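Here are a few exercises to work through with the model open beside you. Try each one before reading its solution.

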2 protein chains.
Amino acid sequence: METDLSGRGSLLIRDVRLNGERVDIFADEQGMIAAVGSDVGRTEGRGADRVIEGNGATALPGLVNTHTHAAMTLFRGYAEDMPLQEWLSGKIWPIEAHLTGEDVYWGTKLACLEMIRSGTVAFSDMYFFMQDAARAVAEAGLCAVLSYGFIDLFSGEKREAECRNTEEFVRFVRGLKNPRIKAAVGPHAVYTVSKEGLSWCAEYSESEGIGIHIHLSETEKEVTDAVAQWGKRPPAILDECGILTPRTIAAHCCWLDRDECTLLARRGVHVSHNPVSNMKLATGRAMPYHWLKEAGASVTLGTDGCASNNSLDLLTDLKFAALLQKFAWNSPTLLPAEEALAMATSAGARALGFGNGRIAPGEPADIILLDPRAVCNTPAHSVISNVVYSCPGSAVMTTICHGSVLMHDRTVPGGEEILREAARAARALVERVRES
Amino acid sequence: METDLSGRGSLLIRDVRLNGERVDIFADEQGMIAAVGSDVGRTEGRGADRVIEGNGATALPGLVNTHTHAAMTLFRGYAEDMPLQEWLSGKIWPIEAHLTGEDVYWGTKLACLEMIRSGTVAFSDMYFFMQDAARAVAEAGLCAVLSYGFIDLFSGEKREAECRNTEEFVRFVRGLKNPRIKAAVGPHAVYTVSKEGLSWCAEYSESEGIGIHIHLSETEKEVTDAVAQWGKRPPAILDECGILTPRTIAAHCCWLDRDECTLLARRGVHVSHNPVSNMKLATGRAMPYHWLKEAGASVTLGTDGCASNNSLDLLTDLKFAALLQKFAWNSPTLLPAEEALAMATSAGARALGFGNGRIAPGEPADIILLDPRAVCNTPAHSVISNVVYSCPGSAVMTTICHGSVLMHDRTVPGGEEILREAARAARALVERVRES
């Protein structure tokens with residue numbers, strides 16, 4: 001029988017399908033998986049504080065979204081189908097100018113709710129008012145690597161301010177002592193951050209032992225502008241400044257050439273593929289997965305912010321990823337379902353340093369349960385194929401992060417209030433833009 | 001208060017959002033919309049046999065899927081990520097060789113369930129054992145144009161058999177006297193049907209006053225082979241045979257040139273865009289929407305079968321359509337949300353001859369209600385943008401076709417049995433393939 005699932009304590013998940021077998025999963029009080037097996041409910045898991053009856057649900061590692069601007073959920077549907085510059089300068093920047101910390105808090109709450117409801121357990125975020133974002137993530141119970149978006153626009157004065165902002169945020173996160181929340185540095189991109197700024201970010205992140213989150217070679221213009229201005233392509237600039245490390249997440253990477261794929265692989269950089277955003281903004285080229293794979297690079301999956309995706313449902317984006325690669329590189333065999341799923345689970349978890357994205361003893365209990373009786377899972381010729389090509393996030397019934405049950409039977413405690421307050425914050429924000 | 005929604009009789013839908021206003025919708029005993037307005041619940045709609053409380057739900061015209069092979073739901077996830085020829089000859093054709101009418105019945109039942117659950121009210125289908133498909137559609141309560149897939153492989157003998165099969169099916173559908181089910185002729189494509197076969201289909205469809213459903217210029221190979229063999233590109237061949245008419249649905253159309261877009265527009269052909277299938281099979285080119293739009297052609301939306309899409313969720317495919325056009329033709333402003341939604345509603349309904357895909361008096365009551373409190377609809381800056389870019393089919397709460405309530409509060413009567421029986425049929429089918 002199921003028990004009260006809120007709170008802490010050990011957790012037994014009974015009778016789930018995992019890699020074709022029916023097993024029980026037992027997680028200890030620390031939220032780590034202690035045992036997986038057909039007999040665990042009668043052995044290690046007996047007397048668990050909390051029990052979930054899986055009833056044959058499909059168990060998968062929780063999904064990991066490696067590139068978000070979470071609070072931009074407040075802009076969902078605000079501006080669409082416009083040329084990039086007009087969209088940025090006419091709509092996005094003006095509304096961002098009116099953002100408050102409270103807006104970022106509610107926008108991030110809404111993002112966390114959406115991620116929980118679609119099976120994401122960890123994400124890598126870059127934005128402003130990140131203390132407020134951290135507060136929202138802590139309340140949601142998700143894992144996240146949070147970075148303050150460092151933009152100096154090649155001004156020494158701005159750079160100093162951004163360095164202090166970054167240090168302040170990193171100290172703030174340290175002070176939280178929350179094992180689910182880590183800080184990273186967030187130099188925005190080569191076209192918004194000076195080489196001095198990039199070098200400072202690289203050195204600071206190394207001295208603090210924290211990650212780096214950056215946009216890389218998203219558009220052709222970014223590449224040609226860099227060559228025109230500095231005589232180098234963006235990856236070479238980043239490498240010169242020490243930004244390319246095994247702690248680095250580089251988002252987009254649409255316009256990498258083959259040698260750059262090799263460079264990123266050699267440096268251990270984690271690439272974040274953002275298929276929906278790239279299609280919506282018409283970047284003109286898809287991330288060259290075949291070259292990255294050939295080079296042995298770590299490739300992960302991201303949604304980007306809601307202004308250029310409109311959704312944080314990573315299961316839908318898995319389908320976009322697998323299909324965009326096939327279409328853009330003219331190969332129906334490129335990025336098969338299993339590799340796509342690994343991008344969104346094991347590769348993502350390793351990139352963010354939250355375990356290895358596997359359901360096995362010693363790993364954090366980051367687990368999602370899918371409804372095996374959903375239409376998208378019928379028939380059951382291939383669980384993985386159904387997950388990647390057929391199921392949207394709404395097929396996720398239960399989301400567990402580090403042993404905490406964040407959603408069960410599609411119910412997220414407090415979800416109604418978040419929807420109401422985020423909608424109110426978005427309306428008030430647009431009102432302020434109108435009145436300005 | 002809500003009433004028993006099963007059965008017939010007039011229907012009042014109270015308090016829904018339609019084009020930014022709060023209205024009631026009243027449909028008469030024949031399933032036609034009789035009145036729409038803020039006061040309808042107290043006037044025309046008073047005393048309706050059935051009442052749905054919309055509680056501010058978003059009302060949209062039901063979605064129309066103009067290209068399916070519905071029974072292929074049984075193959076969902078059966079064969080993936082393979083080169084086209086290997087996939088067809090190694091997996092799809094062998095399993096199709098074992099299909100029975102009972103399989104097609106359950107596969108189509110599963111397809112109808114999936115369509116109802118994601119807001120589709122009408123579809124255009126081409127497959128085999130179509131009597132069994134018709135039985136499934138009739139039970140589901142959906143609207144459909146059904147065609148027997150006519151394939152003569154350039155053999156006179158086969159052609160004669162296909163003509164008789166087509167005539168027999170058309171007579172069968174006539175005999176059903178079901179206003180929701182129409183027959184069409186289904187010449188498969190220029191590479192599987194002789195010119196004599198195509199001409200017979202054109203003449204027969206004209207004499208019977210029924211539609212034509214065909215694949216057109218899906219792959220580059222189809223075009224180059226046609227030129228090599230007959231010295232003409234596929235649209236010219238079809239035009240020569242009389243296939244291009246205002247009663248015709250041409251699926252895919254990836255490799256049309258500009259003149260062919262003009263030809264199709266001039267002939268009044270309805271093009272069915274199939275973005276997911278085209279991406280998955282790596283057709284190498286997206287339907288040229290910009291040329292078709294310029295020419296004034298009717299462009300609609302289709303999923304294709306579940307073997308090359310894995311899903312019949314048209315709301316998800318709306319996002320694929322809008323994004324693929326932007327990406328493939330390198331324009332972030334191409335196929336904006338409003339035009340995409342029109343493809344899947346008004347254009348589709350007109351293509352199939354089931355009204356005009358609008359919620360207005362005199363139209364069939366083909367209506368879906370979306371949950372305004374779903375995450376994908378929060379915030380509510382733009383209802384249409386949320387529908388196209390953010391919501392999956394699971395945001396649809398209620399599906400109404402010609403006044404029949406096929407789903408309400410996400411419950412489809414009999415859904416459990418369909419899932420069970422379709423899964424059983426799929427397992428048995430694979431078993432027969434293995435044993436052969």
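Angles under 35 degrees count as roughly parallel, over 145 as roughly antiparallel, 65 to 115 as roughly perpendicular, and the rest as oblique. This is a predicted model, where local features need pLDDT of at least 70, side-chain atom pairs count only at pLDDT 80 or more, and totals for chains, interfaces and linings use all residues. Residues are numbered from 1 along each chain as its sequence is written, with chains lettered from A and ligands numbered from 1 in the order in which they are written.

**Exercise 1.** Work out how H11(A) and H12(A) are oriented to each other.

Start with the angle: helix H11 (residues 314–328) and helix H12 (residues 337–352) of chain A pack at about 135 degrees, their axes 10 Å apart. Axes here are lines fitted to C-alpha atoms, for helices over the stretch in contact, and angles run from 0 to 180 degrees between N-to-C directions. H11(A) and H12(A) are therefore oblique to each other.

Next, see who touches: A:Leu314, A:Leu318, A:Ala321 and A:Ala322 from H11(A) meet A:Ala337, A:Ala340, A:Leu341, A:Met343 and A:Ala344 from H12(A). In contact means C-beta atoms, placed from the backbone, within 7 Å.

**Exercise 2.** Decide whether A:Ile367 is buried or exposed.

First locate A:Ile367: strand S13 (residues 367–370) of chain A. Helices (H or I, at least four residues) and strands (E, at least two) are DSSP runs, numbered from the N terminus. Then count: A:Ile367 has 27 other C-beta atoms within 10 Å, so it's buried (20 or more; exposed is 12 or fewer, partly exposed in between; C-beta atoms are placed from the backbone). Leaving aside neighbours within four places in sequence, its contacts include A:Ile13, A:Ala59 and A:Ile400.

Definitions and conventions: Two residues are in contact if their C-beta atoms, placed from the backbone, lie within 7 Å.
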